[in-house]
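Biologist: I am new to this structure. Could we go through it feature by feature, with the general idea before each case?

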Amino acid sequence: MKPDLFQAPDYYNIDELLTDEHKMVRDAAREWVKREVSPIIEDAAQEAKFPESIIGGLAEIGAFGPYIPEEYGGAGLDQISYGLIMQEIERGDSGVRSTASVQSSLVMYPIFKYGTEEQRKKYLPKLATGEMMGCFGLTEPDYGSNPGGMVTNFKDKGDHYLLNGAKMWISNAPFADIAIVWAKNEEGRIHGLIVERGMEGFTTPETHNKWSLRASATGELIFDNVKVPKENLMPNKSGLGAPLGCLDSARYGIAWGAIGAAMDCYDTALRYAKERVQFDKPIASKQLQQKKLAEMITEITKAQLMAWRLGVMRNEGKATSAQISMAKRNNVEMAIKIAREARQILGGMGITGEYSIMRHMMNLESVITYEGTHDIHLLITGMDITGMPAF
Ligand code: TGC
Ligand code: FAD
C-alpha cells in the first residue's frame, strides 16, 4: 500500500468550532492511525483478520469508552471528542472503528447505564484498557431490522438463569471475552445479560467469506442451556428501548466515522487527479473530474456540520433518536457515494489494494446496513415527521 499522505479537508474552517481539547484528542488519534493502522490495514483486510495487535493503541487514544467517566477507566470526554475519535479511526478503516464502537457504545455504555455498581467496577476498567473485549448480541437469524421479535430467551431456575438461542452477525464475537446479550424472560420482556466466555454451552463461531469489513471479526453467539449467574443481569432498564438506547450512541459515532472514510477517499482522489496525466494534462484539470471532486468536498462539508451540530445537541442532552438516525443515514450514504466516485477517478488503480478507496467502499456496504439499515433510518425519519410508523 502507498504511504499514508492524508491531509484532512476542512473547507468551512470547522476547526474554529472545536475546543483545544477536541483538536488535541483528534490529532492524537490521527497520528496514531497514520503510524499504527495505515501500514498494516491493507494486509489485515486482504487476509480477513482483525489486527489484535492494535487493541492496546486503541485504548491509549481513548477509543474504548471516550465518554465513560474516568472513575470507571473511561476518558471522561464529551460527545464531540468521541465523534472525532470515531472519524479518525474510520479514516483508517471502518472495521477498526467497528471494534471501538462496539466496545464503547454497545458494551461499556449498557454496563454503565443499565448495570449495577458491582458490574461497572468489575468490567468497565478492563474494557477501557482492552484487557477485556466485548460484543453486543441483538440481531438473530430471523430478526434483523425487527429485533423486537427475538426468540433468544432465559428462564429463572432459582439460583441462575438458563439461556437459549442464537445471535448472528456479531462484531468482535470470535475474540470477545464477554457478550452483552439481549433476551426475553418468561413474560416476553427483553433484558440484557452479561455472558462470559467459558460459560458452558456458549460458543462463538466465526463468520467467513465476507467481502466487506474484512479487518473486523464477525461471528455468531450460540447459547445451548447456558447457566448465567443472576448477578449478570443488568437491572436498570428493560424492554426494546434498552438495546435501542445503546444504538443511539453507536449510530451517532458512525455519523462521524463515515466522514473519516469519505475524507480519506476524497483526499486520495484529489492527490491522484493532480498527479495523473492523460491527454498531456493532469486529469484534475478536466471539468468532469472537477465536478466529482467539488461535489465530494461539498457533501463532506455538509456532513461535518451535521455531525458537529448533533454533537452539540448530544452534549446538551437534547439530540433525539430520530435526529441521530438522520445523521447516520445521510453521512453513510454520502461516504459510500464518494467512495464510488473516488474509485472512478483512480481508474484501474482504484480497484487495487495500493489505495484505500476500494476497501472503504466495500466496508461501507456493511456500515450502511448495520446499526439500522438505510431504509429503516428513512422510516424512522418518516415516522418522526408524520407520527405514523410504516415499518
Ligand atoms: P418501537 O415500538 O418503535 O419501540 C420499542 C421501544 O423502544 C423505544 N425506542 C427507543 N429507545 C431508545 N432509543 C431509540 N433509538 C429508540 N427507538 C425506539 C420506544 O420508545 C419503545 O419504548 P417503550 O417504552 O414504549 O416500549 O419498536 P419497533 O419494534 O416498532 O421497532 C422500531 C425500529 C424499527 C426503529 C427498531 O426496531 C430498529 O431500530 N430496528 C433496527 C435494528 C438495528 O438497528 N439493529 C442493530 C443491531 S446492532 C448492530 O448492528 C451493531 S454493528 C456494530 C458495529 O460493528 O459497529
Ligand atoms: P433484514 O432486516 O432482513 O433486511 C433486509 C432488507 O429489507 C433491507 O434492505 C431492509 O432495509 C429491508 N427492510 C426490513 N424491514 C423493512 C421494512 N419494514 N420496510 C421496508 N424495508 C424493510 N448486529 C448485532 O446485533 N451486533 C453486531 O455487532 C452486529 N454487527 C454486524 C456486523 C456486520 C458486518 C453486519 C453486516 C451486520 C452486523 N449486525 C450486528 C447486524 C445488523 O444490524 C443487521 O444486519 C441489520 O440490522 C439488518 O438486519 P438483516 O441483515 O437481518 O436484514
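**Reading the backbone, the surface and the cysteines**

Modeller: Asn13 lies in the segment before α1 (20-46). Bear in mind that the model is a predicted one.

Biologist: Which other residue has a positive phi although it is not a glycine?

Modeller: Asp280 has one, of about 70°. Asp280 sits in the loop between β9 (277-278) and β10 (281-282).

Biologist: Is Asp280 buried or exposed?

Modeller: To count as exposed, a residue needs over 50% relative accessible area. Asp280 has 74%, so it counts as exposed.

Biologist: Now the cysteines. How many disulfides does the structure hold?

Modeller: A disulfide calls for two cysteine sulfur atoms within 2.5 Å. The structure holds 0 of them.

Biologist: How much of the protein chain is buried?

Modeller: Here the cut-off is under 20% relative accessible area. Buried residues are 55% of the 391 in the protein chain. As for the surface, the accessible area of the protein chain is about 16,900 Å², and carbon and sulfur atoms contribute 51% of that.

Biologist: How many helices and strands are there in the protein chain?

Modeller: The protein chain has 10 helices and 10 strands.

Biologist: What radius of gyration does the protein chain have, and how should I read it?

Modeller: The idea is to compare it with the value for a compact globule, which for 391 residues would be near 21 Å. The protein chain has 21 Å, so the two agree. The C-alpha trace spans about 80 × 45 × 40 Å along its principal axes.

Biologist: What share of the contacts joins residues 24 or more positions apart?

Modeller: Such pairs make up 75% of the contacts in the protein chain that have a separation of 6 or more.

Biologist: And the charges: how far apart are the mean positions of the positive and negative ones?

Modeller: In the protein chain, the 43 positive and 51 negative charges have mean positions 4 Å apart.

Key
Residues are numbered from 1 along each chain as its sequence is written. Chains are lettered from A and ligands numbered from 1 in the order in which they are written. This is a predicted model: local features need pLDDT of at least 70, side-chain atom pairs count only at pLDDT 80 or more; totals for chains, interfaces and linings use all residues. Side-chain values use heavy atoms; hydrogens and water are left out. Helices (H or I, at least four residues) and strands (E, at least two) are DSSP runs, numbered from the N terminus. The radius of gyration is taken over C-alpha atoms; the globule rule is 2.2 Å times the number of residues to the power 0.38. Buried means under 20% relative accessible area, exposed over 50%, partly exposed in between (1.4 Å probe, protein chains only). Contact means heavy atoms within 4.5 Å. Accessible areas come from the Shrake-Rupley method with a 1.4 Å probe; for residues, only the protein chains shown count as cover. Lys and Arg count as positive and Asp and Glu as negative; His and the chain ends are not counted. The place of a charge is taken as NZ of Lys, CZ of Arg, CG of Asp or CD of Glu.
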